[in-house]
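Dear colleague,

I am handing over a structure to you with this email, and below it you will find what came out of looking through it. Please keep it open while you read.

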Amino acid sequence: MALTAPTAASCRIDVWLWRARFAKTRGGAAALVEAGAVRLTHQGRQVRLDKPSRSVHLGDDLLIVQGGRLTEVRVQALGERRGPASEAHALYVATSQAEG
């Protein structure tokens with residue numbers, strides 16, 4: 001996947017994971033990505049993300065492995081800040097194949 005700079009319609013994956021509360025810190029989100037625990041499906045192509053600077057876009061599907069659990073979500077919004085849990089849950093919707 002080509003490295004693309006974040007635009008208004010995209011966001012760095014580490015920032016998005018932090019805003020969506022999949023990680024407590026941006027550093028933790030970056031470590032999750034660097035460990036190969038996040039797969040992104042963008043325009044029909046699935047890739048394992050390797051760098052926290054990779055972009056996520058509206059409509060992308062993410063497969064996140066954390067603590068032995070698989071979580072599959074579709075990005076609904078990018079968010080502007082790390083807000084309360086209710087705000088974080090509005091950033092994504094669980095897909096039908098989600099486990100856990």
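How many aromatic pairs does the structure hold? It holds three aromatic pairs, where rings of Phe, Tyr and Trp (its six-membered ring) pair if their centres lie within 6.5 Å, and planes under 30 degrees apart count as stacked, over 60 as edge-to-face and the rest as tilted. Please note that this is a predicted model, in which local features need pLDDT of at least 70, side-chain atom pairs count only at pLDDT 80 or more, and totals for chains, interfaces and linings use all residues. Residues are numbered from 1 along each chain as its sequence is written, and side-chain values use heavy atoms, with hydrogens and water left out.

Trp 16 sits in helix H1 (residues 13-19) and Tyr 92 in strand S7, 76 residues apart; helices (H or I, at least four residues) and strands (E, at least two) are DSSP runs, numbered from the N terminus. Trp 16 counts as buried at 0% relative accessibility, and Tyr 92 is buried at 16%, where buried means under 20% relative accessible area, exposed over 50% and partly exposed in between (1.4 Å probe, protein chains only). The rings of Phe 22 and Tyr 92 have centres 5.0 Å apart and planes at 45 degrees, so this pair is tilted.

Best wishes
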